[in-house]
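Subject: Structure for your attention

Dear colleague,

Please find below the structure that I am handing over to you. My notes on what was found in it follow directly after.

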Amino acid sequence: MSKQYSLTEGNILSSLTRFAMPVLFALFLQALYGGIDLLIVGQFATTIDVSGVATGSMVMHTITMVVTGLSVGITVIVGQKIGEGKPQEAGKAIGSGICFFGIVTAVLTVLIVFGSDAIATFMHAPKDAFEETSSYILICGMGSVFFVAYNVIGSIFRGLGDSKTPLITVAIACVFNIAGDLLLVAVFGMGARGAALATVLSQATSVLISLLVIKTRQQPFDFSKDYICFNKSLITTEFKLGFPVALQELLVGLSFLVIQMIVNSIGVTASAGVGVAEKLCTFVMLVPSAYAQSMTAFVAQNAGAGKPERASKGLFYGIATSVAVGVVVGYTAFFHGDILSSIFTADAEVILSSHSYLKAYAIDCVLTPFLFCFIGYYNGYGRTLFVMVQGLVGAFCVRIPVAFFVSRIPDATLFHIGLATPSSTVIQIILCLYMLHRLKKKGFYSAFLQ
C-alpha cells in the first residue's frame, strides 16, 4: 500500500497528527457552513431569522451526524481491508455502501421535505420564527442527496488514510457558501431561506469536486461499476458497525435538541443566544472531533495490520495533544465568550445569553478530548455497540434530566442549564475507562476481535 495512505508505519504521533490536521481543517471549514450562515444572517437580517437558522441548522446538524455515524461502517471496513492489503475487497465495500446510502438518501429526503413543519413544531420553534425555521429545514431537506454524499465520500477517504482530499474539496465549497450567503442574504434579503439555499449549493459543489477527484486520481483500491450492488454480507456488516453509532448520534443529538426546546420556550432572545453558543461550540470542539474521526481510521488500519500496541499508543497521543488544546480553548470560551459571540450577532442581549451558555461548554473543553478519542478508538475496533450505549447513558440518564430539572429552578441561567453537558461527559468517560479495564483483563487485542 502507498505510504501516502498508510497509517500503520512510521512515528505514531507524527502519523496521527499528519492525518488529523487535514481532518481538523476540513471540519473547521464544514463548521463554517453553518457558522457563516448565522454570522451573515446575524449581521444582515433579524433576530427572528437568527432564531430560525439556529434551530433549523441544529436539526440538520443532528441528521448529518446520524449519516456520519452510519458511514463509520464504511470507514472501518475500508480501513481494515487497506491495512490487510486487500484493495479489491475495499472496493466492493465502497460499492455496497453506495447502494445502501442511496436508500438512506431517499428516506431522509421524504421525511424532511414533507415533515419540515412537524419538525419545527417538535422543536418548539418560537411563534415569531416558526416560518423561518420550517423553511430552513425544508430547503436543506431538498438537498439531502448532497450532504449524504459528502459525508459518505469523506468516510471513504478517511478509511483510505487520505484526509487531504476532503479538505481541498470542502475549502472550495466553503468559498461558494460564503459567496452564496452574501448574495442571497445580504444583497437579496432572503434571510434564513437564503442561508439554507447557499448551504445546499455549496455542498453540491463539494460533492461534484470530490467525484471528479476520485475519477481522475489513482486510488489504493480496485473498483468497477459491477461493485455497485446490494452485497448482503457487506451491507449487513456495514450496517451492524454503523447503526449503533448512528443511533447514538441521533439520540444524543435529540438530547441537545431537547435542551434547545427548553430554551426556545423561554423566548426568542434565549433561543438565538443558545443558537449562537452552539455554533461557537462547533468550533470549540473541532480538535477533539478531528481526533475522534482520525482515531477511527488510525485504529482500523492498525487493527487490520495486526498492530494493537500501535493503536493503543495512538490513543494516548491523541488524548494528550487534544487536552492541551482544550485547556487553551476552554479558557478563551469561559472568559472571552462575549467577544466570540459578538462575531455572530450585534444584539447585546443575545450576546449576554450566548456567553452565559458558553461558559458551561468551556468546562467541557477539557473533558471531551478524553471522551472523543475513546469513541474513535472503540469505533476503529468495531466496538460500536458500546459507543452507542455510553452515548445513550450520557444523553438520557444525565444530560436531559439535568437540563430539565435545572431549568425548573427559579432564577436558573443558561449557564446552569448548560452544565448538563459536562456532567454527562464525566459519566461517559467513566464508562469508557471501565470498558478499557474490562478488555485488558480479558486479553486486550483478542477481546476486541471477538
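**Salt bridges**

A search across the whole structure, which is a predicted model, turns up 4 salt bridges. I begin with those around Lys81.

The side chain of Lys81 meets that of Glu84 in a salt bridge, with 3.7 Å from N to O. Both residues belong to helix α3 (residues 72–84), where they stand 3 residues apart, about one turn of the helix. Glu84 has a relative accessibility of 35% and therefore counts as partly exposed, since that class lies between 20% and 50%. Lys81 also forms a salt bridge with Glu89, and here the closest N and O atoms are 3.1 Å apart. Glu89 is likewise partly exposed, its relative accessible area being 34%.

A further salt bridge joins the side chains of Glu131 and Arg193, at 2.7 Å from N to O. This pair links distant parts of the chain: Glu131 is in helix α6 (residues 130–142) and Arg193 is in helix α9 (residues 191–216), 62 residues apart. Glu131 is exposed, with a relative accessible area of 52%, whereas Arg193, at 27% relative accessibility, counts as partly exposed. Returning to the residues around Lys81, salt bridges that share partners join Lys81, Glu84, Lys86 and Glu89 into one network.

**How the helices pack**

The crossing of α2 and α10 is right-handed.

Gly95 and Asp226 are separated by 131 residues in sequence, yet their C-alpha atoms are 8.2 Å apart in space. Gly95 is part of helix α4 (residues 87–114). With a relative accessibility of 0%, Gly95 counts as buried.

**Aromatic residues**

The count of aromatic pairs comes to 13. Among them is the pair of Phe316 and Tyr317, whose ring centres are 5.7 Å apart and whose planes stand at 65°. That angle is over 60 degrees, so the pair is edge-to-face. Is Phe316 buried or exposed? Phe316 has a relative accessibility of 57% and counts as exposed, while Tyr317, at 31%, counts as partly exposed.

Tyr377 and Tyr378 form another edge-to-face pair, with 5.8 Å between the centres and 65° between the planes. Both of these residues are buried: Tyr377 has a relative accessibility of 1%, and Tyr378 has a relative accessible area of 0%. Tyr377 and Tyr378 also belong to one aromatic cluster, together with Phe374, Tyr381 and Phe386.

A charged side chain is placed against a ring as well. Lys359 lies over the face of Phe334, at 5.7 Å from the ring centre.

His124 is partly exposed, with a relative accessible area of 44%.

Asp411 also has a positive phi, of about 65°, although it is not a glycine. Asp411 is found in the loop between α15 (384–407) and α16 (414–418). At 75% relative accessibility, which is over the 50% limit, Asp411 therefore counts as exposed.

With kind regards

Methods
Residues numbered from 1 in each chain as written. Predicted model: local features only at pLDDT ≥ 70, side-chain atom pairs only at ≥ 80, totals over all residues. Heavy atoms only, no water. Helix = DSSP H or I, 4+ residues; strand = E, 2+ residues; numbered from the N terminus. Buried < 20%, exposed > 50% of the residue type's maximum accessible area, 1.4 Å probe, protein only. Phe/Tyr/Trp six-rings, centres within 6.5 Å; stacked < 30°, edge-to-face > 60°. Lys NZ or Arg CZ within 6 Å of the ring centre and 35° of its normal. Left-handed = near helix turned anticlockwise from the far one by under 90°.
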